[in-house]
Amino acid sequence: MKNKVLFIVTGVVVFLLGLLASSIVNRKNEAKYKYVPQVDISENEPRNEEWGKNYPAEYQSFLQTTETDFASQQGGSAMRDVLHEDPRLAVLWAGYGFSKDYNQGRGHQYAIEDLRNTLRTGGPKGAGDGPMPATCWTCKSPDVPRLMNENGIAEFYSGKWADKGAEVVNPIGCADCHDSETMKLTISRPALVEAFEEMGKDINQATHQEMRSLVCAQCHVEYYFEKKKPGNEGVPYLKFPWKNGMSVEAMEKYYDDIDFKDWTHKLSRAPMLKAQHPGYETYLTGVHADRGVSCADCHMPYKSEGGQKFTDHHIQSPLNNVSNACQVCHREDADKLKENVYERQRKAAENRLKLEDFLVKAHVEAKKAWDLGATEEQMKDILMDIRHAQWRWDYSAAAHGASFHSPVETARVMGSGFTIIQEGRIKLARLLSDLGHNKPVEMPDISTKEKAQSYIGLDVEKLKQEKEAFKQNLVPKWLEEAKTREAGYDTKEVSMNK
């Protein structure tokens, strides 16, 4: 009887091992034939669908960046009108493009479409027209490295945004981060390489794990347009202000030393700095960076399909993919992990909104001082306080993930902003008193986006009409010209005998 049982058990075990072995062989065969190249990808190929013929799993996951159904407490992929949610912003950016329109960014597939649609890029009627420089295309498309390679870096930065509308049509994708021949991660934007050189570092020495963050740092960083670059004077050359370091104080000193401003505030006349999105800089000060976790580990975690392990190119908030993005390291329940993130974000937002209130008041009070006859000498130190305080607020707010990536540094930066703006408002109160205004300055009603934009003198309806005319008249011409150009691209199929 024992021998019979043993025989049966042995048979079952052998059968199961056979199934396992068969599965392994099948999966290996699937993996072996998974990436048989179908086309030769040229050095400057900007079309993501062409890359997708050779890398279908990655491409299919990339297409999921079109999804707009996830909205977290602070971000996600859903379109959100941030000015509607927080009308203070229109006043803080008075005189700057973000006061016209500021929407929560969607997935990478919408990079071109959203840039065309935003009121910030205006309603150009043709080449040479519109408010924005060509440099504004830099982070939006693999057509950008193509144009830089074909025509030169400075030439790409030259001219107006509308000048290159027919050339930049493919959304953020494969050629932005990968070498077409080896598929290794590569830096396709010169500003990051130049920033490393200015810091005395060689980006070519970066490890593969570091590259999984650096390809993101090509765009998710603070930057400005340098118009005094030797040899390219007048060209809005994209540059990162990292010469003194990446901290909020180091970049502030850099800007102050070169007497740079993004714009002059329409109310206070302060020489303002606009933080773009210093996500990489704030990430570096957090615990995940300290532990060697890259951007891709959380926003593009590995996944397996058909026995093939690959990087998920559905670039998104980790909160929409907790099992792959978070629970690989953290064993807590998914809802608990999400709540931990939201708790940090709520606390940071509480201080951020208080700081915004102080900044709005400072701008309005400064306008009152000018109206009462204040001199530039009397206002000089006050305006620098406004500049420095709002820079710290924007540095903390514009890097949307800062309150999670680095909550301690974010709190420190906002805390210093509170100190600076309060000191500036004390100076303002004394000056207003000297000018004969010895009572609180009346604050405007900015309870809605529309009221705030009206207060700063924006004709939003006119801007919308110009944008609609642009979309109806110029964009179709761009698309037709791009279609004709790309039809002439030489796509070579790979010979199976190669």
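Analyst: In this predicted model, Cys 136 touches Leu 115, Trp 161 and Phe 225, leaving aside residues up to four places away in sequence. Cys 136 itself is placed in the loop between α6, which covers 111-117, and α7, which covers 143-151. According to an unreviewed UniProt entry, the feature "binding site" is assigned to Cys 136, Cys 139 and Lys 140.

Lys 140 also belongs to the loop between α6 and α7. With up to four sequence neighbours again set aside, Lys 140 touches Ala 111, Ile 112 and Leu 115, together with Asn 170, Pro 171, Ile 172 and Arg 189.

For contrast, a position in a strand may be considered. Thr 311 is part of β7, residues 308-311. Its relative accessible area is 18%, which is under 20%, and Thr 311 therefore counts as buried. Beyond residues up to four places away in sequence, Thr 311 touches Glu 58, Ser 61 and Arg 212, as well as Met 300, Pro 301 and Tyr 302. From Thr 311 to Ala 71 the separation is 240 residues in sequence and 23 Å in space, taken from C-alpha to C-alpha.

Terms used
Residues are numbered from 1 along each chain as its sequence is written. This is a predicted model: local features need pLDDT of at least 70, side-chain atom pairs count only at pLDDT 80 or more; totals for chains, interfaces and linings use all residues. Side-chain values use heavy atoms; hydrogens and water are left out. UniProt positions are given in the numbering used here, feature names are shortened, and annotations may be inferred rather than shown by experiment. Helices (H or I, at least four residues) and strands (E, at least two) are DSSP runs, numbered from the N terminus. Contact means heavy atoms within 4.5 Å. Buried means under 20% relative accessible area, exposed over 50%, partly exposed in between (1.4 Å probe, protein chains only).
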